[in-house]
Each structure stands twice: as structure tokens, then as C-alpha cells.
Amino acid sequence: MNLEVRHLTKRFGGVAAIDDVTLDFPSGSLSAVIGPNGAGKSTFFNLISGALLPDGGQILVDGEEITGRSQAAIVRRGLGRAFQVAQFFPTLTVRENLMAAVAAHRGQWGDLARRFPPPGARTRADEIAAMLGLTESVDRVAATLSHGDQKLLDIALALALEPKILLLDEPTAGMGPEERARMIDRVQHVWAEQKLTLVFIEHDMEIVFRIAERVAVLCYGRLLAAGTPAAIRADPAVIAAYLGTEAPKP
Amino acid sequence: MNGFWRDSGVALAALVLLLGAPLAFSSPAFEDFIIRLSALALFATSLNLLVGGSGMISFGHGLFYGFGAYAFALLMQRTTLSLASAVLLTLFLAALVALLVGAVCIRLKTIYFAFVTLAIQMLFYSVIISWVSLTGGDQGLQGGIPRRVIAGIDINQQGHLYQFCAVLLVAGLFAMRHITASPFGMTLRMIRDNEARAAFLGIPLWRPKLAIFVLAGVFAALGGILASLFVSGAYPEFADWPFSGQAIFAVMLGGIDSFLGPLAGSAILLALNDIFTRLTEYHGLVQGVVILLFALGLRRGVLDFLRVLPGRGEVASR
Amino acid sequence: MDLGALVACFASPACVVTQASSGLIVGLLLFLVAAGLTLIFGVLKIVNFAHGTFYMLGAYIAYSVLQATNSYGLAVLAAAAAMAVFGVAFERFLIARVYGGNVLMQLLICYAVVLIFDDLVKLIWGADFHAMGMPEAFQRAPIFIAGGVVPPFYAGLIVLSLCLAALLGLGLGFTRMGKIITAAAQNPQMVAALGINTTALFALVFGLGGGLAGLAGALAAPVRSLSPGMGFSILIESFIITVIGGMGSIAGALLTAIGYGLLRGFGTIGFPLFTDELIYAAMILVLLLRPSGLFGREIV
């Protein structure tokens with residue numbers, strides 16, 4: 001699915017956190033959103049996913065406007081997201097987390113006629129766990145997982161909704177180099193296998209320029225530049241404002 | 001559905017044991033204890049549907065217990081409804097009240113929710129105290145529950161009342177067990193664990209919250225009905241705050257993460273209260289000290305303490 | 001319901017003065033209790049369910065000190081000081097042990113303290129109602145304002161409470177500690193980030209809240225009957241006031257408490273049976289329309 005934002009604007013008490021941003025994420029693309037701290041990257045995701053209401057502009061999924069819809073409605077439209085701080089259900093096991101998400105996705109959250117899990121949920125949950133390499137941890141209580149596995153579980157929960165568009169807010173935040181590589185590997189794998197439109201926020205430029213097909217640069221709420229990694233690397237405005245003196249490695 | 005059959009087996013065994021006990025040994029004190037336990041345990045378990053099962057800490061759950069007792073006693077005294085109809089009508093009315101109260105309360109955050117439910121309970125209590133012509137005021141609703149024999153069961157006879165309470169206790173617990181073990185029960189656990197994530201999985205939070213508030217109210221009212229049968233009337237204490245406090249203590253004493261925790265807590269609390277009452281007139285003092293020791297020492301319920309499932313050893317505290 | 005009587009009362013200055021003064025003392029006493037409750041909530045994010053116990057103990061201590069020394073001033077000071085110390089001890093030895101834990105544990109500890117002290121009061125002073133009686137200093141002819149009778153104690157209480165409210169407002173607004181408390185109520189992270197000793201701050205807030213509640217109990221003792229359960233009804237009332245006024249807002253608590261007192265004062269004439277219900281209805285309405293209270297900021 002194609003995701004598009006037009007003239008998106010959000011102000012917090014007069015300060016524009018997102019200022020007239022227009023961007024297009026073509027169906028099946030892998031895009032990165034970068035920018036210094038406070039550039040408005042998380043706000044951008046919160047607007048798209050319906051956690052915040054924009055002050056102006058439009059959000060379109062396959063040409064259909066979803067601006068102002070509830071989070072639940074946007075989820076049903078095929079948009080999933082994972083969070084900067086992993087969001088999951090800490091007292092449930094990994095499998096229970098995923099089975100519950102699968103049940104919710106199938107509209108069985110209010111089902112009183114049967115026992116949990118509903119038929120088929122377990123198989124589906126284990127499939128998703130396998131997709132993210134969580135198979136060995138399925139019976140562990142989520143709170144006891146490592147930081148990296150918790151981030152993976154967060155993404156797995158989003159995948160349980162069978163999204164067509166997936167937003168990942170800093171999937172590698174707080175990880176060591178090894179965990180980072182594993183996470184990026186998984187993200188690429190999931191993107192290719194599920195034919196997702198994937199957008200991720202990332203601080204590590206090496207990762208961004210290695211895997212992203214397209215890069216958008218936000219700076220103080222404004223869209224500074226957007227294009228292929230090569231074009232971004234060469235963009236003088238980006239180098240000046242964001243990449244600074246430390247020029248990206250070739 | 002393995003869980004369903006296992007729970008059915010447990011329920012059936014418990015029922016056989018309870019109903020068979022008087023045949024093996026006749027002990028009015030035991031029967032009396034079970035009758036009182038049935039009311040408190042249904043109430044405490046229904047409270048735990050909210051507290052432990054959904055993370056909604058209600059401090060005014062006694063409203064529904066008191067409502068159940070008064071509504072049932074009044075229906076029996078003032079109408080000619082049969083016992084079963086009076087029970088069902090009471091539960092239906094309790095559901096309506098819970099729907100109204102829940103509509104106001106469920107969107108409030110933790111502390112607000114706790115105290116606004118308490119305030120609404122105290123509003124109900126003040127209505128009971130001031131509406132003397134209907135409720136008997138602070139003297140309680142006197143005049144007894146008229147006897148209506150149905151299918152050979154005469155609830156004014158202790159033996160029959162015991163059977164009636166035992167059946168309703170087991171049936172009520174079984175029904176609540178089914179709720180917590182259903183996909184709906186899992187949805188509530190998701191909301192308890194992480195509301196924001198649950199919302200982003202497409203769950204409209206207010207619907208399951210309101211639904212469990214109403215269900216918990218209905219089961220609390222069932223407890224109130226049994227209490228009303230036991231005391232042959234109703235007392236304002238049922239809807240007073242110390243009773244809600246006691247139930248919270250029972251829930252925590254037994255363990256909020258175990259389904260049978262509130263039942264165990266209720267049994268321990270009733271037994272302790274019986275002992276304290278015999279020893280001293282200051283049982284509030286003794287009970288308060290016990291609660292402090294529990295809260296500062298043990299810190300989690302008896303069943304939660306005993307229950308060490310593989311891989312679940314240390315669940316993150318909430 | 002007797003609206004005719006209410007209209008007649010409003011037409012008579014004497015009746016207005018009498019009812020307003022009795023309403024004001026209800027409201028101002030409640031304010032002293034609610035101010036502590038709202039501060040403790042603002043700074044510690046804890047609803048002190050045992051706050052009514054401070055009030056009750058304040059009243060009983062004042063009762064005994066007055067009997068022993070025959071000095072009402074000393075009785076009031078003793079009650080306030082004792083409850084300030086009690087508040088600090090309560091925070092340090094009990095509440096501090098469950099910070100960051102389950103809210104249920106906090107409620108349970110408060111519940112236990114209420115049970116224990118209700119029974120201790122029974123044990124020491126007996127289960128019967130006690131009347132302190134009017135202190136000698138106030139046993140003089142009533143003041144007449146526009147034909148309305150105002151007992152001298154009422155006048156004294158109103159003046160004293162208003163002074164205390166002003167003092168509290170000035171203290172919070174203009175002293176260093178007061179500014180820290182105000183800042184902590186609005187933004188706890190900031191205060192922690194500034195490196196302020198939160199342990200001392202929390203104890204201080206509990207001491208202040210406890211002292212105010214004890215003071216309120218001592219001031220109420222001459223005009224209220226003393227009984228072991230007296231703390232609970234005032235807790236519920238002050239909770240309603242903090243909810244309507246906005247948790248954490250002192251000004252909100254003052255205005256709401258005065259409004260509440262006046263509603264009670266005139267309500268006893270116009271609709272004596274429904275005043276309680278009316279107040280609960282007001283609280284529910286406020287919560288539906290403005291969940292953070294009339295004067296509260298978005299802190300929940």
C-alpha cells in the first residue's frame with residue numbers, strides 16, 4: 001500500500017513540531033526518516049498512526065484519506081506500528097502476547113463463548129514468532145526478555161495485525177552492535193517476505209544508508225530533503241544542517 | 001477446550017464435596033461458615049475481575065453487594081415473585097446500575113476511579129440511611145425474607161440455605177473463571193498490562209472495560225443476595241466503606257494473580273475475624289495490625305506465593 | 001424540598017448572615033483538611049486515605065489538652081504539632097515503604113491505619129460521642145450582623161481560617177520551600193532533576209498536610225461532636241472538594257470548599273434531604289465535563 005502525507009502540520013503551543021511536511025512512501029518501499037533529536041520524527045509517526053490529531057494537512061493510504069480517524073480504524077486500514085520504547089504486555093508470555101494480538105486482529109477480543117486461545121491463534125502466533133526469530137522465547141514472560149527481544153516482540157505484535165504499512169520508531173534504539181545487526185537483518189527479512197511498505201526512524205547513519213531505498217530528513221519539524229541515499233548524502237543542506245562536519249562515509 | 005473440562009471437573013468435585021459434607025458430619029458451625037463464605041467469596045472474586053483481572057481498582061464495589069442485598073430483600077418482601085425470579089430481577093437491576101455507574105467511572109484514571117467509585121458507594125449508603133420508609137434506615141431492613149418453597153427447597157431452613165449457597169458459590173465461581181479464561185478475559189489482561197498497546201491492536205478500550213464493570217457488579221449483587229438470605233434482610237453495613245476495604249484485603253491476602261486467591265483470602269479473613277471477635281471487642285485494631293504486617297511483610301497473596309509456575313518464577317511487579 | 005423557605009431566607013439579611021456564617025465554617029474547616037489532601041496528591045501522587053484520621057486525632061488531642069490545661073490556644077497548637085509529627089512518621093514508616101509499588105498497597109496501608117486508630121480512639125476515649133464544649137474565651141454574647149446571629153467562635157474561626165489560607169498561599173508562592181512544593185506538584189521530574197532531596201520534601205508535605213488536618217480537627221472540636229468514625233465522612237467530603245477543585249490546586253480547594261459550605265448552609269433550609277445527593281451529582285458532572293477539576297491542570 002501507498003502512504004502519502006500532504007502539508008502535514010502539528011503545533012504544540014505555537015511551536016510547530018511538524019511544519020507543512022509533504023512526503024510519499026510508495027507501495028513496497030523501504031524508507032528511513034532521519035533528523036536530529038527534537039526534529040519531530042516521533043510526532044510524525046504519532047500523527048500518521050492516529051495517536052495525535054494534526055492541525056492541518058492530510059494523510060492518505062492508497063489515495064484514501066485517513067486523517068482524524070481513530071487509532072483502531074487506522075489499524076484496520078492496514079497500518080501497524082512499533083514504538084521507540086517497546087510496548088507489549090509484560091505479564092504475559094511471548095506466545096500469549098501474540099495469540100492475544102491475533103485474537104484482537106480477528107475481532108475476537110470480546111469473545112466469551114470459548115476459552116483462550118481461539119482456534120488457530122496458537123499456530124499463527126508461532127509463525128509470527130518464527131518470522132522474528134523469537135521461537136526459543138515463546139514461553140517466556142515478556143517482562144523477562146532481553147531489551148532486543150522486547151523490541152522484536154513489539155514489532156511482532158504489530159505484524160499480528162497483518163499490516164500493509166509498518167512504522168518502526170527507532171528499532172535499534174539502545175542496542176549493542178550485535179543486537180543491532182540482528183534487528184536490521186530481521187527488519188529487512190520481514191519487509192521482503194511480507195511485501196510491506198516500511199518506514200523506520202533511525203539514528204545510525206550507517207544502517208540508514210545501507211538498507212534504505214529512500215531517506216527523508218526532518219529538521220525542526222520541516223522536511224529538509226527527501227530522496228535516494230546517494231542524493232541525500234550529496235545534499236549540501238543536509239550536510240550543513242544535520243550531518244554537520246562529520247561527512248558520511250562513502 | 002481442555003481448560004473448560006478441567007474446570008468443570010473441579011467445580012463438580014467441589015460441589016459434590018460441599019453437598020456431601022453434611023451427610024458425613026453434621027456441623028452447623030461449618031455450614032454457617034460456608035454460607036457466609038459464599039457471599040464474601042463471590043463478592044471478593046467479582047472485585048478481583050476488576051482489580052486483578054483488568055487493573056481497575058474499584059474502592060466502591062460494595063455498592064453492588066449492598067444493592068443486591070436490598071433489592072432482593074425488598075423484592076421478596078414487597079412482591080410475590082418466586083425466589084428464582086427475584087434473584088434474576090435483582091441481578092438485572094444490578095446490571096443496569098453498574099452500567100450507569102460504569103459509564104461515569106471507566107474513563108477515569110487509577111486514583112480517580114478508585115475514589116469516585118467509593119464516593120458513589122457512599123452516595124448509595126447515604127440514600128439507604130436517609131430513606132427510612134423503604135430501607136429501615138440505619139436499623140437495617142427488618143421483617144425477614146418471606147419463605148417461598150420451590151422445588152422442595154426452603155431457604156429459611158439452614159440445611160437448604162447451605163445447599164442453595166453452595167450451588168450458587170460454585171456456579172458463580174465457575175462462571176467467573178470462564179470469563180477470565182476466555183479471549184475476552186485475555187483482552188482485559190492486555191488492558192491491565194498496557195492500555196496504549198491494546199488500543200493500538202484495535203481494541204476499543206471502553207467496551208471491554210464497561211462490560212467487565214457490569215459483569216463484576218452482577219456477581220457482587222449475587223453475593224449480596226446470599227448475604228441477604230443469611231441475615232434475613234439487609235444492613236447498611238453491606239454498602240459501607242469498611243466492607244469494600246475488607247474485600248480488597250481479602251483479594252490481596254489470597255492473591256490477585258490467582259483465580260482462587262480471593263476465595264482463599266475470604267476464607268482466611270472470615271476465620272481470622274471469627275477468632276478476633278471472640279478474643280477482643282477491638283477487632284478493627286487487630287485486623288489493622290494484621291493488614292499492616294501483610295502489606296509491609298508478605299506483600300503478595302498467599303496463593304500467588306505458593307504458585308510457582310515454570311518460567312513464571314518472578315513476574316515483573318505491576 | 002422547600003424552596004419557599006429558601007426564597008424567604010434570601011429576602012432576610014438576618015437569615016442570610018446566619019446561614020452564610022455556618023456554611024462558611026463548614027467550608028473553611030473542610031478546606032484545611034482538603035488543602036493537605038490536595039498537596040499530598042499533587043506532590044506524591046498519593047491519595048491519603050488516612051487523612052481523616054489526622055483530623056479525628058487532632059480533635060481528640062485538643063479535647064484532652066483543653067481538659068488538662070484549660071487553654072484552648074494550647075490545645076489547638078498541641079493538636080496541630082502532634083499531627084504534623086504523626087504525618088511525618090506515617091510517611092516515613094509506612095507510606096515510604098510502598099512508593100512506586102502497587103496503588104492497592106497504598107490504599108491497604110491507609111485502610112489499616114484508619115481501622116487501627118478508630119479502635120485506639122475507642123480504647124482511649126471510649127466509643128461514645130464526646131462534646132468539647134465552647135472554650136471559655138468564646139463564651140460571650142453573640143455578634144449581630146444585619147440582625148443575623150453569629151457566635152463569636154464562628155467569627156474567630158472564619159478569620160483564623162482565612163488568615164491560614166492566605167498564609168498557605170503566600171508560603172507556597174513566595175518561600176523557597178513553597179516554590180519547590182508547587183513546582184513538584186506540577187512537574188515531579190523537574191524537581192528530581194534539580195537535585196532536591198525528595199525524601200525530605202515528601203516527609204515535609206505529609207507533615208504540613210497532617211498538621212493542617214490536626215488543626216482543622218482541633219478547630220472543629222468545639223462545634224462538632226467527637227466520635228471514632230468522624231474522620232471518614234470528612235475524608236469523603238474533602239476528596240469531593242479536591243476532585244471538583246482540581247487535584248493539586250490550593251486555590252481550587254479553597255473556592256470549592258467555600259462554595260460547598262455555602263451550599264450546605266443554605267441547602268439545609270431549601271432542600272435538607274437532598275444536599276448530599278446534590279453535591280455528589282455536582283462532582284459527577286464536573287468529572288464528566290472537566291475530569292481535571294474546575295481549577296486543575298492536566299496532571300492526571
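This is a predicted model: local features need pLDDT of at least 70, side-chain atom pairs count only at pLDDT 80 or more; totals for chains, interfaces and linings use all residues.
User: Which residues meet where H3(C) and H9(C) touch, and how do they divide by class?

Analyst: On the side of H3(C), the residues include His51(C), Phe54(C), Tyr55(C) and Ala62(C), and among those they meet in H9(C) are Gly209(C), Gly210(C), Ala213(C) and Leu215(C). The residues of this contact divide into eleven nonpolar, six polar and no charged, where Gly is counted among the polar residues.

User: How do you know that chain C touches chain B, and which helices of chain C supply at least two residues to that side?

Analyst: Two residues are in contact if their C-beta atoms, placed from the backbone, lie within 7 Å, and by that criterion 34 residues of chain C are in contact with 34 residues of chain B. Helix H5 (103-125), helix H10 (230-245) and helix H12 (275-289) of chain C each supply at least two residues, with the largest share, 16 residues, coming from H5(C). By class, this side of chain C has 26 nonpolar, two polar and six charged residues.

User: What does the side of chain A that touches chain B consist of, by class?

Analyst: Here 31 residues of chain A are in contact with 30 residues of chain B. Helix H2 (71-76) and helix H3 (94-105) of chain A are the elements that give two or more residues, and H3(A) gives the most, with five residues. The classes on this side of chain A are 18 nonpolar, six polar and seven charged.

User: What makes E1(A) and E2(A) a hairpin?

Analyst: Strand E1 (residues 3-12) and strand E2 (residues 15-25) of chain A run antiparallel and are joined by seven bridges, whereas pairing needs at least two. Two residues lie between the strands, and Gly13(A) in the turn has a positive phi of about 55°. Within the pairing, Leu8(A) stands opposite Val21(A) in E2(A).

User: Why are E6 and E10 of chain A said to stand at the edges?

Analyst: The order of the open, six-stranded sheet in chain A is E6-E7-E8-E3-E9-E10, with mixed pairing. Strand E6 (79-82) and strand E10 (222-227) each have a single partner strand, so one side of each is left without a neighbour in the sheet. Neighbouring strands are turned by 15° against each other on average, direction ignored. Inside this order, strand E3 (residues 30-34) and strand E8 (residues 197-201) of chain A pair in the parallel sense over four bridges, and Val33(A) has Ile201(A) as its bridge partner in E8(A).

User: Which strands does helix H5 of chain A lie across, and at what angle to E6(A) does the helix run?

Analyst: Helix H5 (residues 147-159) of chain A lies across E6 and E7 of chain A and runs at about 170° to E6(A); angles over 145 count as roughly antiparallel, so that term applies to H5(A) and E6(A).

Note on methods. Residues are numbered from 1 along each chain as its sequence is written. Chains are lettered from A and ligands numbered from 1 in the order in which they are written. Axes are lines fitted to C-alpha atoms, for helices over the stretch in contact, and angles run from 0 to 180 degrees between N-to-C directions.
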